[in-house]
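Biologist: I have a structure open and want to learn how to read it. Can you take me through the features step by step?

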2 protein chains.
Amino acid sequence: MARIKVGINGYGTIGKRVADAVMLQNDMELVGVSKTRPDFIARMAVSKGIPLYVPEGHEERFEAVGIKVSGTIEDLVSKVDVIVDATPGGIGAQNKPLYEKHNVRAIFQGGEKHDVTGFSFNAYVNYNEAKGRRFVRVVSCNTTGLLRALYVINDLYKIKEAFAVIVRRAADPADDKAGIINTLEPSIPVPSHHGPDVRTVLDVPIETMAIKTPTTLMHIHALHVRTEKTPNREKLIEELSKYRRILLVSKDLGIKSTAKAIELARDLGRKRYDIYELVIWKDSITVKGNDIYFYQAVHQEAIVVPENIDAIRAMFEVADKDDSIEKTDRSLSIGDMSI
Amino acid sequence: MARIKVGINGYGTIGKRVADAVMLQNDMELVGVSKTRPDFIARMAVSKGIPLYVPEGHEERFEAVGIKVSGTIEDLVSKVDVIVDATPGGIGAQNKPLYEKHNVRAIFQGGEKHDVTGFSFNAYVNYNEAKGRRFVRVVSCNTTGLLRALYVINDLYKIKEAFAVIVRRAADPADDKAGIINTLEPSIPVPSHHGPDVRTVLDVPIETMAIKTPTTLMHIHALHVRTEKTPNREKLIEELSKYRRILLVSKDLGIKSTAKAIELARDLGRKRYDIYELVIWKDSITVKGNDIYFYQAVHQEAIVVPENIDAIRAMFEVADKDDSIEKTDRSLSIGDMSI
């Protein structure tokens with residue numbers, strides 16, 4: 001079977017990671033990536049042998065600094081089966097007509113509104129519903145993290161209501177424009193967008209609030225979930241541990257913060273210390289009657305990467321849900337962090 | 001009527017603020033304060049005319065650097081009607097026998113366990129129950145903040161259940177020992193101590209979780225409160241605004257973070273930029289059926305100061321609840337920040 005030809009529009013935080021992941025799949029081919037700025041990231045892409053496409057009329061800016069250009073973004077779109085649009089939030093929607101013009105499929109990120117595709121994706125929750133679709137939206141990092149945990153809990157005990165407070169990182173590690181420092185900023189109005197976003201994928205009643213903090217590593221969520229059936233703590237932990245994309249850690253083993261979770265990924269030699277897994281503090285999981293409480297952490301740069309890969313396979317119907325997830329996980333060493 | 005003779009044991013973050021506040025009360029006299037280290041804070045106390053008491057045998061360490069000592073800590077205890085113990089958490093309990101020996105009353109801070117006094121205090125909630133008591137514990141900053149808001153809500157609508165996530169500052173501004181940086185640290189086990197601590201004062205079902213963040217200014221709480229009676233948003237805001245120790249702010253006026261709340265206090269010329277008020281974001285207050293959601297911020301260094309002053313008056317039964325609170329508030333300009 002021919003490999004699926006993939007183009008990445010937007011080679012930034014998410015785009016470069018999805019590009020790396022695509023190159024690890026034996027059923028996909030990375031046709032090229034697009035960049036709007038001739039910087040070190042563009043140069044590294046070319047030196048790794050990745051064809052680089054740029055906005056029309058900008059070729060000279062790249063060639064001037066010795067970065068080889070393979071064509072325009074429209075050229076890239078015309079050569080692929082699917083575009084992973086990893087452009088900044090809101091730009092994806094503007095790009096959609098281009099993808100339609102060339103009759104290519106496209107995956108958008110969580111920065112776009114649900115309406116752009118009418119379908120939002122999480123591999124665990126609705127892989128099968130993505131089959132055959134032309135346009136799919138992979139939800140944002142926080143929503144992906146919430147969905148993974150809520151999916152498991154909902155499946156076991158049926159969620160009656162859920163409330164999550166998202167303690168957000170203010171910027172990504174490489175952001176050197178501006179971020180808050182020594183201040184906390186609540187997200188107003190309430191609820192934050194995360195709850196409604198979860199419901200575009202999984203039908204559970206959830207409300208969310210969010211507070212921005214001066215950190216760059218990961219988000220942390222504090223969750224309170226009330227279930228219809230009475231949960232059992234040991235059973236819940238046992239079930240959560242069956243999912244490779246959920247990593248149970250414990251304070252007892254010294255993973256008491258996001259800094260330590262990242263250190264684990266660094267010590268494992270993960271590229272860019274990426275944690276694709278949702279990190280749940282096992283020793284925080286507390287059950288009182290039908291109420292479950294726990295903390296989890298989300299690596300905002302990485303968690304959606306496997307979801308993008310699975311979304312491609314689902315759209316082209318080249319693998320069943322479990323096969324795709326396993327293939328993706330193996331390629332990215334997801335599950336190797338269990339300790 | 002003779003003034004109440006007050007001694008402060010522990011002239012640190014809380015102690016120096018309570019000392020300043022005592023000096024502003026016309027029914028109290030600051031007899032002296034204690035310090036264990038001959039530093040600039042000790043020198044400033046003496047230069048302000050505050051008699052300084054030190055641990056027995058340490059007099060020379062202070063005199064050696066030119067700081068005048070008025071006696072030992074036991075000397076201070078023997079001269080007062082009441083000690084405000086503002087020593088580090090856990091030390092207060094060790095000091096209690098000394099206060100008992102000299103038959104003086106004492107106020108402990110939230111770093112001590114409830115059992116040390118068997119009675120925990122918040123002026124709005126249980127001023128009258130403190131009357132005549134020998135030992136009173138003023139609850140911690142976060143608990144004080146939770147109590148102020150929950151007291152008002154409970155009074156109006158009867159709280160059925162409450163859940164709060166406390167996004168904690170990691171250190172106080174003057175702390176230069178060590179604090180976390182660029183990391184988030186969940187408080188394990190769940191629940192955090194705050195919920196049980198609230199219940200030592202106000203009988204409401206509340207669960208809490210907490211996450212430490214690399215900031216110094218204030219804590220933020222994200223609250224979800226479910227009430228027996230159906231709340232009305234406008235009525236709730238109207239009632240909250242009647243309490244001087246609650247300051248309603250809005251993002252619309254630019255107070256979108258803890259940094260901006262502190263800037264307001266600085267611009268008002270508040271000493272040490274202290275915010276004694278609980279800060280609630282008015283535009284975050286959201287009512288859905290019987291559920292109330294909102295964010296609030298707590299200035300950890302200052303919020304308990306008026307509570308300590310009121311606790312003294314309650315113990316000596318020298319003023320009724322409303323009179324004491326009004327007197328304290330006027331002396332500290334509480335309420336002047338309303339904008």
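Modeller: Start where the chains meet. This is a predicted model. In it, 42 residues of chain A are in contact with 42 residues of chain B.

Biologist: How much area is buried between chain A and chain B?

Modeller: About 3800 Å² is buried between the two chains. Carbon and sulfur atoms give 65% of that area. Look for A:Leu184, A:Ile188 and A:Tyr295. These residues supply 19% of the area that chain A buries against chain B, more than any other three residues.

Biologist: How many salt bridges are there between chain A and chain B?

Modeller: The count is four. Find A:Lys288 and B:Glu207, which form a salt bridge. Their closest N and O atoms are 3.0 Å apart.

Biologist: How do I read the relation between two copies of a chain?

Modeller: Two copies are related by a rotation about an axis and a shift along that axis. Here a rotation of 180° superposes chain A on chain B, with 0.0 Å of shift along the axis. The RMSD is 0.0 Å. That is the relation of a two-fold axis.

Biologist: Why do the copies meet through the same surface?

Modeller: Check the residues on each side. Of the interface residues of chain A, 100% are also interface residues in chain B, so the copies meet through the same surface.

Biologist: Now the strands. What is the order of strands in the sheet of chain A?

Modeller: First the general idea. Strands of a sheet pair through backbone hydrogen bonds, either parallel or antiparallel. In chain A, eight strands form an open sheet with parallel pairing. The order is β4-β3-β2-β1-β5-β6-β8-β7.

Biologist: Which are the edge strands of chain A?

Modeller: They are β4 (71-72) and β7 (120-121) of chain A, and each pairs on one side only. Now pick a pair to trace. Strand β5 (residues 82-85) and strand β6 (residues 105-108) of chain A pair in the parallel sense over three bridges. A:Val82 stands opposite A:Arg105 in β6(A).

Biologist: Which helix lies across the strands β1, β2, β5, β6, β7 and β8 of chain A?

Modeller: Helix α11 (residues 305-316) of chain A does. This helix runs at about 150° to β6(A).

Biologist: And chain B?

Modeller: Chain B has an open sheet of eight strands in the order β4-β3-β2-β1-β5-β6-β8-β7, with parallel pairing. Here β4 (71-72) and β7 (120-121) of chain B stand at the edges, each with a single partner strand, so one side of each is left without a neighbour in the sheet. Strand β7(B) pairs with strand β8 (residues 135-138) of chain B in the parallel sense, over two bridges. The bridge partner of B:Ser120 in β8(B) is B:Arg137. Helix α5 (residues 91-101) of chain B packs on the sheet, touching β1, β5, β6 and β8 of chain B. Its direction makes about 170° with that of β6(B).

Biologist: How many salt bridges lie between domain 1 and domain 2 of chain A?

Modeller: Nine. Another thing to look for is how far along the chain a bridge reaches. A:Arg17 and A:Asp274 meet in a salt bridge, 2.8 Å from N to O. A:Arg17 is in helix α1 (residues 13-23) of chain A, and A:Asp274 is in the loop between α10 and β14 of chain A. The pair links distant parts of the chain, 257 residues apart.

Biologist: Which residues does a cis peptide bond join in chain A?

Modeller: A:Ile188 and A:Pro189, with omega about 10°. A:Pro189 is in the loop between β10 (185-186) and α8 (194-199) of chain A. In chain B, a cis peptide bond joins B:Ile188 and B:Pro189, with omega about 5°.

Terms used: Residues are numbered from 1 along each chain as its sequence is written. Chains are lettered from A and ligands numbered from 1 in the order in which they are written. This is a predicted model: local features need pLDDT of at least 70, side-chain atom pairs count only at pLDDT 80 or more; totals for chains, interfaces and linings use all residues. Side-chain values use heavy atoms; hydrogens and water are left out. Two strands pair if DSSP finds at least two bridges between them. Helices (H or I, at least four residues) and strands (E, at least two) are DSSP runs, numbered from the N terminus. Contact means heavy atoms within 4.5 Å. Axes are lines fitted to C-alpha atoms, for helices over the stretch in contact, and angles run from 0 to 180 degrees between N-to-C directions. Copies are superposed by least squares on the C-alpha atoms of residues with pLDDT of at least 70 in both. A salt bridge is a side-chain nitrogen of Lys or Arg within 4 Å of a carboxyl oxygen of Asp or Glu. Buried area is the accessible area (1.4 Å probe) that two parts lose on being put together, summed over both.
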